[in-house]
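Here is a short briefing to read alongside the model viewer. Please keep the sequence and the coordinates open as you go.

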Amino acid sequence: MMLTVLLLPALIMFAASFWRTPNARRLLPATSVAILVPIVELFRLPKPYALWRDYLVADDLNTYILLVSSIVGIGVTLALLTLQKHVTVTERAYRRFYRFFALFWVGLIFSILANHMGIYWIGLEMATLSTVYMIKTNHTPAAHKEAWNYMIVGAIAISLVLFGIILIYASAKPALGEDAMLFSALQSRSGVIRAPFLFEMGFAIVTVGMFVKMGFFPMNLWLANIERASFYPVAALFSGILESAVMVGFFRFSRIADSVNHAHLFFFVFVYALLTLFIVAFLIYRSKDFMRLFSLSGIEHMALIALFWVSGGTFAALLHFGAHAFLKPALFLSTGVLESQGRYHIAGALRGYKGVKGTLFWFLVSLFMLAVISLPPSPMFFSELYGFGAMIDAAKQTHHLLAMIGAIGLLLVLLSVIFYRFVAVYQSMKYEGETVEKEVYASELWALLLFAAALVMLLTPSGMAFLRSVA
């Protein structure tokens with residue numbers, strides 16, 4: 001019953017996207033908001049809560065990720081109301097976006113709530129394919145080209161995930177039978193896996209597939225190119241929701257790998273994430289485009305979340321995850337206003353906003369830009385503080401404390417490069433270039449205010465206490 005209620009708003013949205021009446025235009029945003037209602041109810045239920053036998057199970061971790069994703073979806077819907085004021089959006093493209101957003105959401109529900117590796121993969125595949133069509137709602141040659149690129153690279157990534165799942169299943173099947181497909185069974189009985197090498201090979205391939213999908217080394221630019229070619233709300237969904245579904249899979253698989261061999265897991269993820277951060281810091285330093293800047297910064301966040309998670313800093317990883325999920329869509333949606341009819345000029349982008357709405361807009365965008373580089377009291381400041389603490393604690397339990405201190409030093413250097421670039425971009429936006437009058441619409445401001453309120457909620461005592469309980 002609960003599963004039906006969770007899926008119902010998305011199914012209504014899908015059906016309404018075929019209606020060609022003015023009422024459909026009002027109903028579609030309403031269905032997006034309605035997605036939040038059953039998730040709030042699910043949040044209140046005792047955990048773990050079985051939605052469909054052992055295949056779909058809600059726990060504190062995936063309910064939190066589902067709640068964050070639904071809030072991002074509402075923010076994107078609000079900004080979409082006035083998108084046509086900034087770029088050309090046909091009525092057909094508007095309805096088509098909601099049609100594939102509905103399918104995207106159904107895929108996400110299955111992948112985020114999955115306790116079964118096969119269902120997780122099917123949900124991720126469904127979300128991936130639906131995003132191909134969302135990219136193509138922007139009828140430009142660049143968007144169509146990037147949609148094909150997305151399908152090719154996405155297919156490679158998702159194939160790697162599937163191959164890794166097969167190896168993991170093969171490693172555990174002799175001991176667990178058909179339960180070898182269940183995350184919960186693999187984690188609780190990891191000690192009986194008779195082929196740990198096969199399991200670790202499977203985990204490494206799954207992880208590479210998920211990391212490629214999130215833009216890690218060596219595919220650092222493919223996601224940035226796609227987000228640049230898409231409409232701003234599509235880029236916001238990529239960054240705020242799709243990456244969440246991928247990351248929840250990493251959380252699940254890495255917990256099992258941790259119980260099989262913590263040292264191998266830690267070394268593999270640490271080296272991979274550090275290499276990614278090194279490349280991303282260089283690309284951010286050279287970036288001259290809002291969308292690419294924010295997209296590359298998102299990869300940096302994902303790498304840090306993975307590092308904190310495998311270091312045992314679960315609380316830090318989840319706090320960083322929530323902050324990323326709200327900040328990055330807010331910046332992508334703001335870019336639709338900052339660029340003014342698709343022309344992106346960093347210099348002077350924050351000038352020319354008049355009245356209360358204009359003042360509030362540039363103030364919020366300034367806060368988001370400074371928050372994304374972890375200036376206090378941003379949630380990212382606290383998550384990095386706790387995350388680096390967790391890394392040192394993890395190193396104390398081994399004989400590699402000096403190596404860890406060196407690695408943290410390198411990380412701080414790379415983060416300083418990113419910090420410098422963001423501050424330079426902000427100064428150029430605020431103090432350089434010509435002043436051209438620009439307009440901000442109420443729905444865009446409501447979207448930004450929603451994300452600001454969600455960020456504040458993360459830092460409240462109840463928000464922090466909940467994240468600690470998940471950890």
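Predicted model: local features only at pLDDT ≥ 70, side-chain atom pairs only at ≥ 80, totals over all residues.

Residues are numbered from 1 along each chain as its sequence is written, and side-chain values use heavy atoms, with hydrogens and water left out.

**Nonpolar core**

- The largest nonpolar core has 179 residues, and Phe250, Phe253 and Phe368 touch the most other members.
- A nonpolar core here is a set of buried Ala, Val, Leu, Ile, Met, Phe, Trp, Tyr and Cys residues joined through side-chain atoms within 4.5 Å.
- Buried stands for under 20% relative accessible area, exposed for over 50%, and partly exposed for what lies in between, using a 1.4 Å probe and protein chains only.
- Helix H11 (residues 232–260) supplies the largest share of this core, with 17 residues.
- Helices (H or I, at least four residues) and strands (E, at least two) are DSSP runs, numbered from the N terminus.
- Which residues does Phe250 contact, leaving aside neighbours within four places in sequence? They are Phe203, Thr207, Met210, Phe211, Val269, Ala306, Trp309 and Val310, where contact means heavy atoms within 4.5 Å.

**Largest pocket**

- The largest pocket has a volume of about 330 Å³, that is, the space filled by probe spheres set on grid points that are joined across faces, edges and corners.
- A pocket is defined on a 1 Å grid over the protein atoms alone, as an open set of points where a 1.4 Å probe fits, with protein on both sides within 12 Å along at least five of seven lines.
- Lining residues have an atom within 4 Å of a point.
- The lining of the largest pocket counts 14 residues, and Phe266, Phe267, Thr398, His400 and Met404 lie nearest its centre.
- Two or more lining residues come from each of helix H12 (262–286), helix H16 (379–396) and helix H17 (401–431).
- H12 gives the most to this lining, with six residues.
- By class, the lining of the largest pocket holds 10 nonpolar, four polar and no charged residues.
- In this scheme Ala, Val, Leu, Ile, Met, Phe, Trp, Tyr, Cys and Pro are nonpolar, Asp, Glu, Lys and Arg are charged, and the others, Gly among them, are polar.

**Backbone points to check**

- The Lys47 to Pro48 peptide bond is cis, with omega near -5°, and Pro48 sits in the loop between helix H3 (36–44) and strand S1 (49–52).
- A cis peptide bond also joins Phe217 to Pro218, with omega near 5°; Pro218 is in the loop between helix H9 (196–213) and helix H10 (222–229).
- Arg53 is not a glycine, but has a positive phi, near 45°.
- The loop that holds Arg53 runs between S1 and strand S2 (56–58), and Arg53 is exposed at 58% relative accessibility.
- Ser374 also has a positive phi in a residue other than glycine, near 75°.
- Ser374 lies in the loop between helix H15 (355–372) and H16, and is buried, with a relative accessible area of 11%.

**Salt bridges**

- How many salt bridges does the structure hold? There are seven, each a side-chain nitrogen of Lys or Arg within 4 Å of a carboxyl oxygen of Asp or Glu.
- Arg44 and Glu41 pair at 3.5 Å, N to O, and both lie in helix H3, three residues apart, about one turn of the helix.
- Arg44 is exposed at 64% relative accessible area, whereas Glu41 is partly exposed at 36%.
- Lys145 and Glu146 form a salt bridge at 3.6 Å, N to O, and Glu146 is buried at 9% relative accessible area.
- Glu178 and Lys173 meet at 4.0 Å, N to O; Glu178 is exposed at 57% and Lys173 partly exposed at 36%.
- Arg228, Asp289 and Arg292 are linked in a salt-bridge network.

**Phe14**

- Phe14 is in helix H1 (residues 2–16) and is partly exposed, with a relative accessible area of 29%.
- Not counting residues up to four places away in sequence, Phe14 touches Arg99, Ala102 and Leu103.
- Phe14 and Gly118 are 104 residues apart in sequence and 24 Å apart in space, C-alpha to C-alpha.
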